[in-house]
Amino acid sequence: MTEAAAGRDVMLDISGVETFYGRIQALRGVDIEVCRGEIVTLIGANGAGKSTLLMTVCGDPRAAAGRITLDGVDITYKATFEIVRMGLAQAPEGRRIFPRMTVRENLQLGATTGDEEYFDGDLERVYDLFPILRNRADQRGGTLSGGEQQMLAIGRALMSRPRLLLLDEPSLGLAPMIVKQIFEVVAEINDAGTTVFLVEQNAYHALRLADRGYVMANGRIILSGTGEELLANAEVRAAYLEGGH
Amino acid sequence: MAVNIPPADRKGVLIELGGTALVVFALTVSLVGFHIKDISGGITLDLRFVDVASAVAIAIVVRGWLILMRHGHYRIVTVSAAAVAVLLIVSLLFGGAGVQTWLPFKAKLLQWLLAILSAGFAVGSAVRMAREGRPAGSAQDGAVPDEQAALMDRVSAQVQRNALWIGAILFLAAAVFPFMPGVNLQYLDIAVLVLTYIMLGWGLNIVVGLAGLLDLGYVAFYAVGAYSFALFASPDSPLLQDLGWTEGVSFWLCLPFAGLMAALAGVALGFPVLRLRGDYLAIVTLGFGEMIRVTLLNFYSLTKGPDGISNIPPPSLLGYSTQSKMDEETLENTTEFHTAMGWEFDQADTTILLYFVILAMALATNFFTVRVRKLPVGRAWEALREDEIACRSLGINPTNTKLTAFGFGAMFGGFAGSFFATRQTFVSPESFTFIESAVILAIVVLGGFGSQIGVVVAAFLLIGLPEIFRELQEYRMLFFGGSMVLIMLWRPAGLLAHREPTIRMHGRRARASTGSGG
């Protein structure tokens with residue numbers, strides 16, 4: 001592969017992806033690379049197409065054009081559950097935990113694709129990352145607070161031992177304290193070897209955490225660079241950092 | 001003592017009483033007021049305005065009691081309700097010709113219900129009076145309905161949590177039931193019927209309660225099972241005659257075959273409806289149920305259409321036939337179980353056998369559901385009910401998950417259908433109309449989606465009670481409808497709606513919850 005030849009180990013390669021909702025074009029030729037071991041973030045305003053991109057990676061909706069590969073395997077036309085079984089996990093937008101099932105059952109469902117022998121160890125690992133979930137193990141998902149639900153969504157995604165973790169707006173609607181805590185855990189997850197692709201509106205936190213970042217507007221990538229570069233970029237500061245915070 | 005209602009409320013009270021009277025009048029005038037009677041040479045209308053007036057008067061009195069209780073006039077309610085209750089009970093117990101005039105209705109059960117209702121009011125308001133420590137006042141009881149709902153929530157949580165014990169007690173009761181003194185053939189028949197519906201309810205619960213796929217055509221699988229069974233079990237079936245077989249296949253061989261056929265039908269239905277959800281799914285399943293029935297009706301060469309397939313033998317026992325030789329010429333060279341045991345043939349024994357067969361089949365359905373919830377496939381069903389998109393993002397294949405739910409649900413429907421065929425000894429398409437699907441679904445909904453014991457309670461309420469009170473004729477359907485409305489008002493999620501986790505981490509209940517769901 002050319003990327004490998006260039007000394008970069010590209011894990012998720014999104015190239016020229018276009019996605020439509022009916023006749024409305026949401027993505028207009030998006031190119032993003034996520035390399036092994038990185039935290040890459042995608043920031044942008046509401047409606048820029050960030051969540052659409054994550055969902056397109058998962059195969060729903062399907063890309064109308066372009067190519068998405070995971071570790072060199074084309075996943076553009078694979079079914080969502082097949083993509084997930086290849087070692088990609090997602091904490092979807094709006095958390096989407098199972099409200100009537102307990103925390104532990106939610107985590108069990110996260111391990112659907114996993115090997116049973118790792119289950120107990122993985123469960124302990126999630127409880128260590130989010131100690132509050134251990135205390136809430138028998139509580140129904142729907143009775144958790146927003147922050148706890150987000151932790152559960154991330155923990156559930158981790159239960160499949162993903163190589164690549166997709167996070168869709170984990171800070172949405174959460175108190176600053178909780179956001180800080182969640183971002184710390186994301187860094188911890190990344191240190192343990194999981195590659196993270198993070199979609200965020202909270203540009204400041206996301207860019208500080210990320211190795212590299214992309215900025216999206218109107219379905220296109222308009223800027224990219226390392227986290228520090230983007231944090232220092234005048235355009236980014238004007239559009240996403242000042243005023244909004 | 002004076003009835004003290006604030007002047008501002010008086011108009012409201014009048015409207016409430018008037019409205020109640022109007023509603024009851026409107027409901028009863030056509031249903032009860034006109035009675036069509038058969039006389040020689042035609043029919044005639046029998047006007048029963050006294051009954052209508054009684055119903056309206058009772059409604060006004062009961063509503064009046066409610067209003068008085070709301071305003072804290074417990075003493076009046078206690079005294080008057082107790083008086084009415086005593087009057088009714090005395091009339092009922094010692095009623096001669098003279099006292100009988102106190103009774104508003106002709107049906108005894110209605111009188112008893114009225115007496116119990118009055119007694120309930122008397123006791124209820126006496127308790128309330130004692131609790132508040134004052135006979136009159138203007139206390140508002142706005143919190144009471146919430147309290148009651150919370151109580152029922154606790155009850156259902158307790159029931160689910162102690163499902164192992166309740167299940168064991170119910171099982172023991174069911175096991176000794178046929179041998180209890182006073183249990184006659186009629187009660188046994190009702191018990192067999194109730195158990196059939198419990199099994200159907202449990203089977204449908206897999207599809208509707210666990211996987212959350214609203215299925216209005218469950219009777220289709222019941223029919224497929226019944227016909228698959230009948231076609232091989234009955235010596236009269238066109239299929240066996242075409243094959244040149246003179247004897248039907250044994251119950252125990254036909255049963256798994258019928259389950260398999262129904263499961264295939266379930267998967268066949270599953271494929272086209274994979275993408276549908278909610279109302280749309282319900283409509284397609286409804287259509288599927290009708291398709292099966294119409295096919296059975298018109299595929300004359302295979303199913304004999306409206307004539308149906310008769311002569312289906314009862315289950316054999318240890319290889320012996322359990323039929324009476326008298327009505328079965330083709331069985332001349334077989335040995336019957338009762339002959340082998342040296343017993344006299346008795347219809348009750350056959351019914352007891354049927355009873356235990358359906359009991360075992362229903363328990364197997366329940367056992368399957370309880371166990372499967374702890375397996376990945378069962379967990380996936382429940383997750384699918386909660387959130388399909390989340391399921392896919394966790395690597396669950398929604399196609400397979402839905403198809404297995406349809407398949408397993410249909411399989412148990414097919415088993416129940418086989419039992420139906422062998423019990424009735426006759427199947428015809430008219431047994432598999434939409435109303436059957438509706439009743440089975442009503443059992444699941446009233447019991448509480450996904451609740452195993454709820455299905456038992458609801459099957460007893462919906463199937464058992466109407467059968468037991470058959471002598472009440474059309475009144476029982478009035479009760480049936482009324483109680484369904486009441487349950488849905490009071491417990492919109494079902495009587496025992498409470499989902500018990502499949503596993504608990506903390507506390508001693510971890511072991512109890514791995515047992516039977518009853």
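Domain bounds here come from an automatic or database domain assignment, and on that basis chain A is divided into domain 1 (1–87 + 164–245) and domain 2 (94–162). The model is a predicted one, in which local features need pLDDT of at least 70 and side-chain atom pairs count only at pLDDT 80 or more, while totals for chains, interfaces and linings use all residues. Residues are numbered from 1 along each chain as its sequence is written, with chains lettered from A and ligands numbered from 1 in the order in which they are written.

**Inside chain A: domain 1 and domain 2**

- Taken over C-alpha atoms, the centres of domain 1 and domain 2 of chain A are separated by 23 Å.
- Their contact (C-beta atoms, placed from the backbone, within 7 Å) takes 16 residues from domain 1 and 12 residues from domain 2.
- On the domain 1 side, α3 (80–85), β7 (164–168) and α8 (176–191) of chain A each supply at least two residues; helices (H or I, at least four residues) and strands (E, at least two) are DSSP runs, numbered from the N terminus.
- The largest share of that domain 1 side, five residues, comes from α8(A).
- By class, the domain 1 side has 11 nonpolar, three polar and two charged residues. Ala, Val, Leu, Ile, Met, Phe, Trp, Tyr, Cys and Pro count as nonpolar, Asp, Glu, Lys and Arg as charged, and the others, Gly among them, as polar.

**Between the chains: B against A**

- Here 22 residues of chain B are in contact with 23 residues of chain A.
- Both α15 (376–386) and α16 (388–393) of chain B supply at least two residues each to the side of chain B that touches chain A.
- With six residues, α15(B) gives the most to this side.
- The side of chain B that touches chain A has 10 nonpolar, five polar and seven charged residues.

Key
Two residues are in contact if their C-beta atoms, placed from the backbone, lie within 7 Å.
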